[in-house]
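Here is a note for a colleague who is opening this structure for the first time. The points below may be read beside the model, one after another.

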Amino acid sequence: MPDTTSLIRPLVTLRGVEKRYRNGTLAVRGVDLAIGQGEFVSLLGPSGCGKSTLLRIIAGLIDASAGTIEWPSAMHDARGRPERSIGFVFQEPTLMPWAGALANVMLPLRLAGVPKSEAADRAATALAAVGLAGFEKAYPRALSGGMKMRVSIARALVTKPRILLMDEPFAALDEITRFKLNNDLLELWERERFTTIFVTHSVFESVYLSQRIVVMAARPGRVVHDIPIEDPYPRGESFRTSAEYAAQCRVVSRALSEAMAA
Amino acid sequence: MSNEPPIPNADPRYFGLTADGWARVLAPLLVGLLALGAWEWAVRANDVPSYILPGPVEVWNTLLRDWHTLSVSLGITLQITFAALLVAAVLGLLLAVLFAQSRVVELSLFPYAVILQVTPIVAIAPLIIIWVNDVRIALLICAWIVAFFPILSNTTIGLNSADHNLLDLFRLYGATRWQVLTRLRLPTAMPFFLAGLKISGGLALIGAIVAEFVAGTGGSASGLAYRILEAGYQLQIPRMFAALLLVSATGIAIFLVMTLISHLALRSWHESAMTREKG
Ligand SMILES: Nc1ncnc2c1ncn2[C@@H]1O[C@H](COP(=O)(O)OP(=O)(O)OP(=O)(O)O)[C@@H](O)[C@H]1O
Ligand SMILES: [Mg+2]
């Protein structure tokens, strides 16, 4: 079991979290996990081990059947959830096809009642931050897969959330686009240091990006390894080609094989 | 229309249309002219009396000669059709929104909408005409009954087709029901609503005409159906054809207008209205 007490200031703490879906599937059981403020954590595991379930529980989109999810009290809304301080990125860009890029990014602000002109300014800044200045008016169908994903990230970051949850955001993209987005995401993270939980199937991606990799096993979904990746940032191509990176990938791969055999 | 691809930089255009575009316009036109020519020739060659089958030239002349009476009737039919369509669109949309808000309401009311839809309009039109004093209102109700269902059912499906991840996203940001409705469900339902409107446009005209046939000469509304009946009684067959021509032309015009509205409303984002690049 990972030692969750050693973290100084956890942003979100899961204790004994369990999720049984209505059809009886036990998706995750006994998950204890603390995510530190500003940490970049990857959730890695075989398909069906409950990564998405866990992420959705943390986002408050579904309720846990048992266990608790704790946030710092300063972030609470009336229901004890972190108010609008969560950004979520799905595997698909999940944009509104009838709205342009800017209007899509403005959505979280508009829903929160931010006046239109202020929302537009902030959304334009967020779009520029993901490298899409000049594409404000473009409709999703006129954007490539990678660009749509950037819009989706801009939308998740436009509220300046304390935590960014990403569920296999780049899985559908080609490798070159994925590398580029990995680098750009890291750059944004280094600048803003929002806490990030990044769900992925890819050992390489998780090692490249994260400070810590939480490896999960299936049936029932649970945490089996918690591996720190202590290499310094910024991580660029030199890190991707380093022996250190290869060694870390081997360690994580082995942990993942173990998890799949467990 | 929408499935006519704009040509990036290939095929040359002649007077705004490509060779393919012209073929699409000219081929059916040619067939129509040939058919009309054959009809005119057959009528003349066999000396068919005009109270049995008038030739197209005579029909056209009658249309011009009786334009005054016919145009008044056309106006009345158009009024009833569009009023029925408007009411169908507004009520269909409102009811669909209500259904989307409450499953109980949907479950308890939808069967009745289906009953309204499957009952032949000719069977209920006499009742409605008896119950409602004003014939025009009666005709409007009949046309509305026919036009209502496609809009209701289409829009209901549309409102429930919102992307699940987007719904989650709205929930994550604490969106109110109203925000979910106006910013997510209604835009999603828009193409469905417009498709329903396209079907209902033609149906409203059919409803208006059929109901007027049922109302018969007792009515004082005198739309196009009344003119057809009247011409039939008086054996003024050319006039009957002229009225028929107007009904068809109206149906085609309504379809084209609806298609245009739908295209204009959706062209910037929806697949159905997209102009595709030729590959
Ligand atoms: N809505 C649901 N109802 C019932 N069972 C579900 C539901 N969602 C997920 N499950 C089940 O819960 C388990 C965990 O699913 P989850 O989607 O969290 O896995 P995952 O790790 O994200 O998988 P993947 O990598 O394929 O996305 C699976 O066995 C899945 O079948
Ligand atoms: Mg998943």
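**Notes on the model**

1. In chain B, residues 24 or more positions apart account for 70% of the contacts with a separation of 6 or more, where contact means heavy atoms within 4.5 Å. This is a predicted model, in which local features need pLDDT of at least 70 and side-chain atom pairs count only at pLDDT 80 or more, while totals for chains, interfaces and linings use all residues. Residues are numbered from 1 along each chain as its sequence is written, chains are lettered from A and ligands numbered from 1 in the order in which they are written, and side-chain values use heavy atoms, with hydrogens and water left out.

2. Chain B has 10 helices and two strands, the helices being DSSP runs of H or I with at least four residues and the strands runs of E with at least two, numbered from the N terminus. Along the sequence the pattern is β-β-α-α-α-α-α-α-α-α-α-α, and the C-alpha atoms of chain B fill a box of roughly 80 × 60 × 25 Å along the principal axes. Of its 279 residues, 41% count as buried; buried means under 20% relative accessible area, exposed over 50%, and partly exposed in between, with a 1.4 Å probe and protein chains only.

3. Which residues come nearest to ligand 1? Of the 13 residues around this ligand, they are A:Ser47, A:Gly48, A:Lys51, A:Ser52 and A:Thr53, a residue being near if one of its heavy atoms lies within 4 Å. Helix α1 of chain A (residues 51–59) gives the most to this shell, with three residues, and the shell divides into three nonpolar, eight polar and two charged residues.

4. Several side chains of chain A have N or O atoms close to those of the ligand. A polar side-chain atom of A:Ser47 lies 2.5 Å from an oxygen atom of ligand 1, an N or O atom in the side chain of A:His201 is 2.9 Å from an oxygen atom of ligand 1, and one in the side chain of A:Tyr21 is 3.4 Å from a nitrogen atom of ligand 1. Taken alone, ligand 1 exposes 640 Å², and the protein buries 63% of that.

5. Over all chains, 16 salt bridges are found, a salt bridge being a side-chain nitrogen of Lys or Arg within 4 Å of a carboxyl oxygen of Asp or Glu. One of them pairs A:Arg212 with A:Glu39, the closest N and O atoms being 3.0 Å apart. This pair links distant parts of the chain, 173 residues apart, with A:Arg212 in strand β8 (residues 212–217) and A:Glu39 in the loop between β2 (26–36) and β3 (40–44) of chain A. Both residues are buried, and A:Glu39, A:Arg212 and A:Asp226 are linked in a network of salt bridges.

6. Another salt bridge, between B:Asp168 and A:Arg56, has its closest N and O atoms 2.7 Å apart. B:Asp168 lies in helix α7 (residues 164–172) of chain B and A:Arg56 in helix α1 of chain A, so the pair joins two chains. B:Asp168 counts as buried because its relative accessibility is 9%.

7. Within chain B, B:Arg103 forms a salt bridge with B:Glu106, the closest N and O atoms being 3.3 Å apart. Both lie in helix α4 (residues 103–118), three residues apart, about one turn of the helix.

Conventions: Polar contact = N/O pair within 3.5 Å; in protein donor to acceptor, adjacent residues only side chain to side chain. Areas by Shrake-Rupley, 256 points an atom, 1.4 Å probe, with all protein chains shown as cover. Nonpolar A, V, L, I, M, F, W, Y, C, P; charged D, E, K, R; others polar.
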